[in-house]
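I opened my notebook to look up charged pairs and ring pairs. Come and read along with me.

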Amino acid sequence: MRRAFELAALAEHATSPNPMVGAVVLDASGKNAGEGFHARAGDRHAERIALQRAGARAHGGTLYVTLEPCYHQGRTPPCTAAVIDAEPKRVVVAMEDPDSRVAGAGIAALRAAGIEVEVGVDREAAERLNRFYLKHRRTGRPWVTVKFASSVDGKIATRTGESRWITGKAAREEGHRLRQRHDAILVGAHTVRADDPELTNRLPDATRQPLRVVLDSRARTAETARVLKDQEKAPTIVVVTADAPADRREALARTGVEVVELLADATGRADLPSLLDLLGGRGILSVLVEGGAFVHGALFDAGLVDGVVAFLAPIVIGGKEAPGAVGGQGVAKLAEAGRLVNLEVNQVGDDIMVSGDVHRDR
């Protein structure tokens, strides 16, 4: 199963809106007969690739797969039929697929065909691997990752607003890898005005571009902003409220971006839960939030953050006027603070990358 997970991870979420899946076939003697992974949406599924490579050696053998084989006809035929035709003696599944079109039906079909099925092997690793997909299937909303780069004292800019570059080249490259792994990237209008970011994945081997989403309740973004350019390469949604003047909406729409109106929250800004519902309804599994501090704070205050990636530079900026990474109301007690689990700490160049999932009582 460990090898199946390694294979699945090679997709780097390019399978969205489908899950990442890896499969390994052992023949009757226990030797590796074939393996495969789902590389991108629309391509053949992991089980079919592994079984095809195994050929007749799959008969009487064991199939290891990181997620329940699909039972429905999508862009590719159901994998359960291919597994049954291959006649393995045993199938080991890391976890059930919560998609309503599967939800145990694939496992039931295999058992009905006389195949021994074991479910739940390395379930925790399976949950971690497909956390974007699973969050979406269970709630209808995307996984939300807040990402920021700061000094070790938590500042994302100096008191004069200088922020380029707090972290080094290696950390910035890793930031682009995060963009490649997420379906969408979200920023506030202030970040667009202050930094004029492009918000694209600029890796030399870039395989996909995230949908760019700008929170701009009153449609104040300049038509010359870089985030509005290259719509064929990376489309942009500008999210406004009813307070946005018609002429400003029309000006933005003429640049080729999509202008979407959402209800306003109590502060007059676009309602964030409604935004996540909108994105989830469009098949967006994951959102990378890159600022600014107000947007980060609003998401934390609303309990909408699932994960954090923080790049910490070995510098101290100081000053009470220098902005911090997370604004908003914050918590009144330490016991209420968001705590990260599944914590990972790595050195990236001269900087430190800290990442983890936000713990929630279940």
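I began with the term: a salt bridge is a side-chain nitrogen of Lys or Arg within 4 Å of a carboxyl oxygen of Asp or Glu. My model is predicted, with local features needing pLDDT of at least 70, side-chain atom pairs counting only at pLDDT 80 or more, and totals for chains, interfaces and linings using all residues. Residues are numbered from 1 along each chain as its sequence is written, and side-chain values use heavy atoms, leaving out hydrogens and water.

**Entry: salt bridges.** I searched the whole structure and found 22 salt bridges. I looked up E258 and R282, which meet at 2.6 Å, N to O. E258 sits in strand β10 and R282 in the loop between α10 and β11, so this pair ties together parts 24 residues apart in sequence. For helices (H or I, at least four residues) and strands (E, at least two), I used DSSP runs, numbered from the N terminus.

Next I checked D357 and R128, whose salt bridge is 2.5 Å, N to O. They link strand β14 with helix α5, 229 residues apart. For cover, I took buried as under 20% relative accessible area, exposed as over 50% and partly exposed as in between (1.4 Å probe, protein chains only). D357 counts as buried at 9%, while R128 is partly exposed at 24%.

**Entry: rings.** Which rings have their centres 6.1 Å apart? They belong to F132 and W143, and with planes at 40° the pair is tilted. My rule pairs rings of Phe, Tyr and Trp (its six-membered ring) with centres within 6.5 Å; planes under 30 degrees apart are stacked, over 60 edge-to-face, and the rest tilted. I noted that F132 and W143 are both buried.
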